[in-house]
Amino acid sequence: MALEKRLSHIKRKESENRIKFGQQINISVLADNPTGCSHCSYDSQYKVSRDPNCSYCGGKYWIYATTVHNEYVKVRWIAEAVEEEIVIGNLQVGDCVLIARIESRSFFENTIKYETRIDIDPLGGDITPISDSIEVIPQKIVIDTLKSEIAVSCSRVYKD
Ligand SMILES: [Zn+2]
């Protein structure tokens, strides 16, 4: 079988496994080009709104359009600190590693850039109102050897 054909077969298999054994996550993706708030004016000296209490932009002036990206990933929760420390390092109990398709890499990089969080259900189901949040750890997006999936290390953010 030609290498290309074999790779597309593997990718299809991986995709099936993510849906079968994985769970949904929601990623808030911020647009790279912000638009200026139309309800206040810009203070070019302090690089914020002249109105710190503007209810449309929160006093920041620049508004980033947000879209929510939803996809299935395989999740490995870090449950046993001692064992995992050797394998992964830096991760603590409650953190996790997501296995996602490589095409989604830019979504995870976007969350690092804008310091946004990812919604996930810690009980392994799909997104629910009780879902928790995780944050991608910078420098912790690793491409697998076949260049078809990425492993994304995330730390758990506990909601109050
Ligand atoms: Zn404003």
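In what order do the elements of the protein chain run from the N terminus on? In this predicted model, the order is α-β-β-β-β-β-β-α-β-α-β-β-β. The C-alpha trace spans about 60 × 40 × 30 Å along its principal axes. The radius of gyration of the protein chain is 19 Å, whereas a compact globule of 160 residues would have a value near 15 Å. Of the 160 residues, 16% are buried. Among contacts between residues at least 6 apart in sequence, 57% link residues at least 24 apart.

The sheet is considered next. A closed barrel of 6 strands is formed in the order β1-β6-β7-β10-β9-β8, with antiparallel pairing. On average, and with direction ignored, neighbouring strands of this sheet are turned by 45° against each other. Strands of a sheet pair through backbone hydrogen bonds, in either a parallel or an antiparallel manner. Strand β1 (residues 23–30) is joined to β6 by 8 bridges in the antiparallel sense, and Gln-23 stands opposite Val-73 in β6. Strand β6 (residues 66–77) also runs antiparallel to strand β7 (residues 96–101), with 4 bridges between them; here Arg-76 has Val-97 in β7 as its bridge partner. Strand β7 is in turn connected by 6 bridges to strand β10 (residues 149–157), again in an antiparallel arrangement. Within this pairing, Ala-100 is partnered by Ile-150 in β10.

Two helices were examined against these strands. Helix α1 (residues 3–21) lies across β6, β7 and β10, and runs at about 85° to β6. Helix α3 (residues 105–113) packs on the sheet and touches β1, β6, β8 (118–120), β9 (132–143) and β10. The direction of α3 makes about 115° with that of β9. Helix α1 contains 19 residues and extends 26 Å from its first C-alpha to its last, close to the 27 Å expected at 1.5 Å a residue. Helix α1 is hardly covered, as the count of buried residues among its 19 residues is 1.

The largest nonpolar core contains 14 residues, of which Ile-25, Val-73, Leu-98, Ile-118, Val-152 and Cys-154 touch the most other members. Two or more residues are given to this core by each of β1, β6, β7, β8, β9 and β10. The largest share, 3 residues, comes from β7. One of the core residues, Val-73, touches Arg-18, Gly-22, Ile-25, Leu-98, Ile-99 and Ala-100, when residues up to four places away in sequence are not counted.

Val-29, a residue of strand β1, was also examined. Val-29 counts as partly exposed because it has 18 C-beta neighbours inside 10 Å, whereas a buried residue requires 20 or more. With residues up to four places away in sequence left out, Val-29 touches Thr-66, Thr-67, His-69, Phe-107 and Asn-110. The C-alpha atoms of Val-29 and Ile-118 are separated by 9.8 Å, although these residues are 89 residues apart along the chain.

Note on methods:
Residues numbered from 1 in each chain as written. Predicted model: local features only at pLDDT ≥ 70, side-chain atom pairs only at ≥ 80, totals over all residues. Pairing = 2+ DSSP bridges. Axes fitted to C-alpha atoms, helices over the stretch in contact; angles between N-to-C directions. Contact = placed C-beta atoms within 7 Å. Expected span 1.5 Å × (residues − 1). Buried ≥ 20, exposed ≤ 12 C-beta atoms within 10 Å, placed from the backbone. Core = buried A, V, L, I, M, F, W, Y, C linked by C-beta atoms within 7 Å. Rg over C-alpha atoms; globule rule 2.2 N^0.38 Å.
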